Amino acid sequence: MSTVEEMDGREAHTVVGGKVKKPGKRGRKPAKIDLKAKLERSRQSARECRARKKLRYQYLEELVSSRERAICALREELEMYKQWCMAMDQGKIPSEIRALLTGEEQNKSQQNSSRHPKAGKTDANTNSLLGN
């Protein structure tokens with residue numbers, strides 16, 4: 001392809017492959033877009049954006065409330081453990097811990113008795129904790 005530049009008084013035109021090109025903006029010229037259709041697409045896009053934003057905020061609010069519930073449950077558990085520790089410092093064993101320890105002893109004795117028929121003895125440390 002050969003290019004030939006011509007001057008017609010004011011502008012230089014380039015002839016490429018038999019087509020005359022004017023200098024200036026490159027690329028595709030914007031198509032004439034119907035203004036009403038463009039506005040409607042913009043409105044629809046805004047509606048969709050608001051809907052996504054609403055869903056995102058609902059999800060985040062649910063996440064925050066579930067975390068707050070978990071925090072409350074953990075605080076209650078911590079308070080229970082504090083009370084247990086204070087009771088044990090005073091030499092008292094809370095009934096919950098006593099039940100837990102005796103439950104473990106029963107499980108151990110059941111496991112041991114199923115393995116060894118004569119193994120029905122309890123741990124001396126557990127008995128001293130239980131006050132036996």
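**Close-up 1. The salt bridge between R43 and E40.** In this predicted model, R43 forms a salt bridge with E40, and their closest N and O atoms lie 3.8 Å apart, which is inside the 4 Å cut-off applied to such pairs. Both R43 and E40 belong to helix α1, where they are three residues apart, or about one turn of the helix. In an α-helix there are 3.6 residues a turn, so residues three or four places apart point the same way. R43 has a relative accessibility of 45% and therefore counts as partly exposed, and E40, with a relative accessible area of 39%, is likewise partly exposed.

**Close-up 2. The salt bridge between E40 and R47, and the network around E40.** E40 also forms a salt bridge with R47, the closest N and O atoms here being 3.1 Å apart. R47 is partly exposed, its relative accessible area being 39%. Through shared partners, the salt bridges join E40, R43 and R47 into one network, and the count of salt bridges by this rule comes to two.

**Close-up 3. The aromatic pair of Y81 and W84.** The structure holds one aromatic pair. The ring centres of Y81 and W84 are 5.5 Å apart and the ring planes meet at 70°, so the pair is classed as edge-to-face, given that planes over 60 degrees apart fall in that class. Y81 and W84 both lie in helix α1, with a separation of three residues, about one turn of the helix. Y81 is partly exposed at a relative accessible area of 38%, whereas W84, at 17%, is buried, because the limit for a buried residue is set at under 20%.

**Close-up 4. The cysteines C72 and C85.** C72 has a relative accessible area of 43% and is therefore partly exposed, and C85, with a relative accessible area of 41%, is also partly exposed. A disulfide is a covalent bond between the sulfur atoms of two cysteines; a search of the whole structure, however, finds zero disulfides.

**Close-up 5. Helix α1 from end to end, and the residue G91.** Helix α1 runs over residues 35–89, and its 55 residues, at 1.5 Å a residue, should span 81 Å; the C-alpha atoms at its ends are 80 Å apart, which agrees with that expectation. Helix α1 is followed by G91, a residue whose phi is positive, near 90°.

Notes: Residues are numbered from 1 along each chain as its sequence is written. This is a predicted model: local features need pLDDT of at least 70, side-chain atom pairs count only at pLDDT 80 or more; totals for chains, interfaces and linings use all residues. Side-chain values use heavy atoms; hydrogens and water are left out. Helices (H or I, at least four residues) and strands (E, at least two) are DSSP runs, numbered from the N terminus. The expected span of a helix is 1.5 Å times one less than its number of residues. A salt bridge is a side-chain nitrogen of Lys or Arg within 4 Å of a carboxyl oxygen of Asp or Glu. Buried means under 20% relative accessible area, exposed over 50%, partly exposed in between (1.4 Å probe, protein chains only). A disulfide is a pair of cysteine sulfur atoms within 2.5 Å. Rings of Phe, Tyr and Trp (its six-membered ring) pair if their centres lie within 6.5 Å; planes under 30 degrees apart count as stacked, over 60 as edge-to-face and the rest as tilted.
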